[in-house]
Amino acid sequence: MKINWSFLMILTVAITVSMVEVRGEDQSDQSKSKTIVKIVKGKKLCDKGWECKGFSAYCCNHTISDYFQTYQFENLFSKRNTPVAHAVGFWDYRSFITAAAQYQPLGFGTTGGKMQGMKEVAAFLGHVGSKTSCGYGVATGGPLAWGLCYNKEMSPSKVYCDDYYKFTYPCTPDVSYHGRGALPIYWNYNYGETGEALKVDLLNHPEYIENNATLAFQAAIWRWMTPVKKHIPSAHDVFFGNWKPSKNDTLAKRVPGFGTTMNVLYGDQVCGQGENESMNNMISHYLYYLDLMGVGREEAGPHEALTCGEQEAFSPSSSSSSSS
């Protein structure tokens, strides 16, 4: 029997292409969970697995993974796993979404519709990218491509133990409370407070933050969503305008927007100093991420809402939570 080699070659190529296409579909779908729906007493409840755990009406709505997907995370932090990065293989999309899933019912990334949710994710990650970057002016891919390069302070100059808190958050002997995490945590009292909130013993084991990316993101989102003090709003609330400035806030030039999130998190370490590198670096990351997520930096709002250079701090730098 005469074999038609041309036909066999075409068939082989077609099968190979088909296998590649199927494999590609499988790979792209691996990070997405299927939504499971059930009706309980006439009410629609959903479960999206790790992306939105547990049956609830909330999980039937749009969640962060519906508009912020793996490829976008990779675009934002494109250099984090290069050989010269200091936390290669640590940070990943799944860890971020797993951590975010706990706070999405409280409004993180889910307040005000898809556009507002995307802006908040960009704003939060703008802080994260700036604080964990090892980018510099002539870095490959540009200085804004190097977020999530670190997960801890590499050469701490001290152990950040404050004896003032020896009765509430006593320092563990031979333990250092230097910066760790997505929004780096410093000092024993901040590890203690964060650990209490997350029900993890961070006071005795601050290293847990640098060993678990989900926990590191969770601690950062908790800080974003939680007021530092009773008289200070959360970064989430000032970003969305859930917080209404008082007369004193207006006099202090504190207005809703990205700028005041820096005031909440870093106080006079960053704000009230005019144009400074630290503030501008965070703003640059935020605008860059808005562009990469397809929102566009023009959605960031007016200049006075973006910066905090002229704002008076909510509290002295010794009270700020995320930085030394």
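Tutor: A disulfide is counted here when two cysteine sulfur atoms lie within 2.5 Å. This is a predicted model, in which local features need pLDDT of at least 70 and side-chain atom pairs count only at pLDDT 80 or more, while totals for chains, interfaces and linings use all residues. Residues are numbered from 1 along each chain as its sequence is written, and side-chain values use heavy atoms, with hydrogens and water left out.

Searching the whole structure gives five disulfides, and, counting bonded cysteines along the chain, their pattern is 1-4, 2-3, 5-6, 7-8, 9-10. One of them joins Cys134 and Cys149, with the sulfur atoms 2.0 Å apart, and this link is right-handed, with 90 degrees about the S-S bond. Both cysteines lie in the loop between helix H5 (113-131) and helix H6 (188-198), helices being DSSP runs of H or I with at least four residues, so the pair ties together parts that are 15 residues apart in sequence. Cys134 and Cys149 are both buried, where buried means under 20% relative accessible area, exposed over 50%, and partly exposed in between, using a 1.4 Å probe and protein chains only.

Another disulfide joins Cys271 and Cys308, whose sulfur atoms are 2.1 Å apart; this link is left-handed, with -80 degrees about the S-S bond. The pair connects distant parts of the chain, 37 residues apart, with Cys271 in the loop between helix H11 (258-266) and helix H12 (277-292) and Cys308 in the segment after helix H13 (303-306). Cys271 is buried at 2% relative accessible area, and Cys308 is buried at 1%.

Note on methods. Helix = DSSP H or I, 4+ residues; strand = E, 2+ residues; numbered from the N terminus.
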